[in-house]
Structures are given as C-alpha cells and as structure tokens.
Amino acid sequence: MGDSSVASGTSLIPGGRGTKAASSPAENYHLARRRTLQVVVSALLTESGFESAEKAAVETLTEMMQSYITEIGRCAKTYCEHTARSIPTLSDTVVTLIEMGFNVDTLAVYAKRSQRMVITAPPVTNAPVTPKSLSAGQKRTHPSHIPSHFPEFPDPHTYIKTPTFREPVSDYQVVREKAATQRRDVERALTRFMAKTGETQSLFKDDISAFPLIAARPSTIPYLSALLPSELELQALEETDSSEQDDQTDSENASGNVTADDPSADKENSMLPPSGVVPSAKATEDNVIDNPYLRPVKKPKVRRKK
C-alpha cells in the first residue's frame, strides 16, 4: 500500500474536516459507527504489519467489514423469526456463520491471540430528550395481559380532556403592577411615535439620532392655554345650561296649562296679536349665540340678613 498515512488506531480516522455535519440523530449514529469500524480496520492493518495505507484502501476495507457484519445480523434475524422469536440468540449467530462458510472453531483461538490491539470503547452519549409540547396526566403502562414489545400508549394529552384557559388573576398587587406596566408601555410608545413623526431636538450636536426629544412648539400667546377652560369645564357648563333650559321649558308648559283652565282666558285671547302666537322667552334665547364667553354675567345672589 502507499505512504499517505500511518496505520494506527487514530491516524486513519477521518477528522471530519471534509465531511458534512450531520443534522439528524440517525446520521450522527451512522457516522459514529463508521468511524469505529475505521479504527478497527486500522488496528487490524497494524497487527498484520502495515505501517501506512491509502485512504481509499481503508475506506474499501471498512465497507467490506460493514457489509459482512450487516449480512450476519440480517441472517441471524431471519433464523430468529423462523423459530417464532423476536431477539436473536447465540445459536442463531453460530448457524449464520456456518451458513456463510466461516469456521467457528477458529474463532476462540483468534480472540486469544497475543498481538491483538485493545481499542477503547467510544464514549456513550445519551440521546437528546425532545421536549414535549403538551403534558397532561401520567403516561399509562401496559397491563399484565399485554406483552411488553407492543407499542406504548400515546401521550395522555391525545385522549384526556385538558382545559385551555387560565383563571383570571385577582390579586390586587399583581393587577396594579400590570396596569402600571401597561400605562408605562403606552406612554413610551406614544412618545416614540411623536418623536418619529414630529420635530425632534437632540442633546448632542454630533449624533442627532441619540436621545431625541420632542421639540416644543412656540406659541404667540403662551398664557392663552391657562385662561381657556378645559374640556371638562366646558362639558360641565353645557350640562348645566341644558338642565336650566329644561327647567324653564317645564315651567312654561305648566303656566300654559293653568291659563287654559282659567275662565278669564277668553279675555286674554282677545288681546292676542293677529298671528295668534304669543312670543315666548325660549324663542328669544335661540337667537343668542351659545358661547360661554358671550353669555351675560350672572350676579351672585346676596342673602339679606333679617
């Protein structure tokens, strides 16, 4: 063989620099098994007196050994199933070796040879546990009348009714903290929106985007906002005005009903204008502009001391 690499327990193992990283557990297991067989082939070459070997030769011998072991396992499983069993035994393996033309008597002598190399076992890594998305109840085991090689029961969440809602939190402290957090988030979002859509000022002249501040809009009359009433005050004034108008309308209706029942109303009817409609105070109030700044001043009532 060539002089590409030294035949030892580790030098003939591909370091994985040129190989593609496996993505699934099955591919990882296949690569680990392939590397172990390459270590075994390298050890056998060293026992046979080889000092170096080409990579293609090592790969060919590894493929031959893998095919041989795979054929032994397949035939042993066939003999096992032929006798109505599910796990192969030593007798199945012996019959398989004899069927493949191997002398079983020389196996014990070959195992006790003096020049054999001891290969350390590869580290056993536990299979990664896949997290379960749903968990409900405890997983059932097989009863005594069901064999253990049967498939396991499915996850409990597939056949157990589980609630999909949560009870509302009624703790006062938690509710207050949540409300404060939401209020702070709303204020921050509104501030950022105003900073992005409107004019901003920066604390640093070099970097305008750092620490933007909402630009103050100058007003020609800065004290006007202090003199103007707020929306709540205007709403309260409108409510009081509407209540006063309703009271006045009710009093007018009551006085009209009283005059209709009075026998002296015929005299008053003779004093009516030609149109027959008496001008009411409500008609005069409709002509007044509804503006709190144009209304007449209401003098406070002064109570006289008796």
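Tutor: Start with a cut-off: a residue is buried when its relative accessible area is under 20%, exposed when it is over 50%, and partly exposed in between. Keep in mind that this is a predicted model.

Take the cysteines. Cys80 has a relative accessible area of 1%, so it is buried. Cys75 is at 16%, so it is buried as well. A disulfide is a covalent bond between the sulfur atoms of two cysteines. A search of the whole structure finds 0 of them.

Now the salt bridges. The structure holds 6. One of them joins Arg34 to Glu63, with the closest N and O atoms 2.7 Å apart. This pair ties distant parts of the chain together: Arg34 sits in helix 1 (residues 25-47) and Glu63 in helix 2 (residues 55-82), 29 residues apart. The two ends differ in class. Arg34 counts as buried because its relative accessibility is 18%. Glu63, at 39%, counts as partly exposed. The contact also belongs to a network of salt bridges that links Arg34, Glu59 and Glu63.

Glu47 pairs with Arg113, and their closest N and O atoms are 3.1 Å apart. Again, distant parts of the chain are linked: Glu47 is in helix 1, while Arg113 lies in the loop between helix 4 (105-111) and helix 5, 66 residues away. Glu47 has a relative accessibility of 19%, so it counts as buried. Arg113 is partly exposed, with a relative accessible area of 25%.

Helix 2 also holds a local pair. The side chains of Glu71 and Arg74 meet in a salt bridge, at 2.4 Å from N to O. These residues are 3 apart in helix 2, so about one helical turn separates Glu71 from Arg74. Glu71 is partly exposed at 29%. Arg74 is partly exposed too, at 48%.

Arg184, Arg188, Arg192 and Lys196 form a positive surface patch. Patch members have no salt bridge and over 30% relative accessible area. Arg188 is in helix 5 (residues 172-197). Its relative accessibility is 46%, so Arg188 counts as partly exposed.

The Arg34 and Glu63 bridge runs between helix 1 and helix 2. The Glu47 and Arg113 bridge runs from helix 1 to a loop. The Glu71 and Arg74 pair stays within helix 2. Arg188 is part of the positive patch.

Methods. Residues are numbered from 1 along each chain as its sequence is written. This is a predicted model: local features need pLDDT of at least 70, side-chain atom pairs count only at pLDDT 80 or more; totals for chains, interfaces and linings use all residues. Side-chain values use heavy atoms; hydrogens and water are left out. Patches are made of residues with over 30% relative accessible area and no salt bridge: like charges are joined within 9 Å, nonpolar side chains (Val, Leu, Ile, Met, Phe, Trp, Tyr) within 5 Å. Accessible areas come from the Shrake-Rupley method with a 1.4 Å probe; for residues, only the protein chains shown count as cover. A salt bridge is a side-chain nitrogen of Lys or Arg within 4 Å of a carboxyl oxygen of Asp or Glu. Lys and Arg count as positive and Asp and Glu as negative; His and the chain ends are not counted. The place of a charge is taken as NZ of Lys, CZ of Arg, CG of Asp or CD of Glu. Helices (H or I, at least four residues) and strands (E, at least two) are DSSP runs, numbered from the N terminus. Buried means under 20% relative accessible area, exposed over 50%, partly exposed in between (1.4 Å probe, protein chains only). A disulfide is a pair of cysteine sulfur atoms within 2.5 Å.
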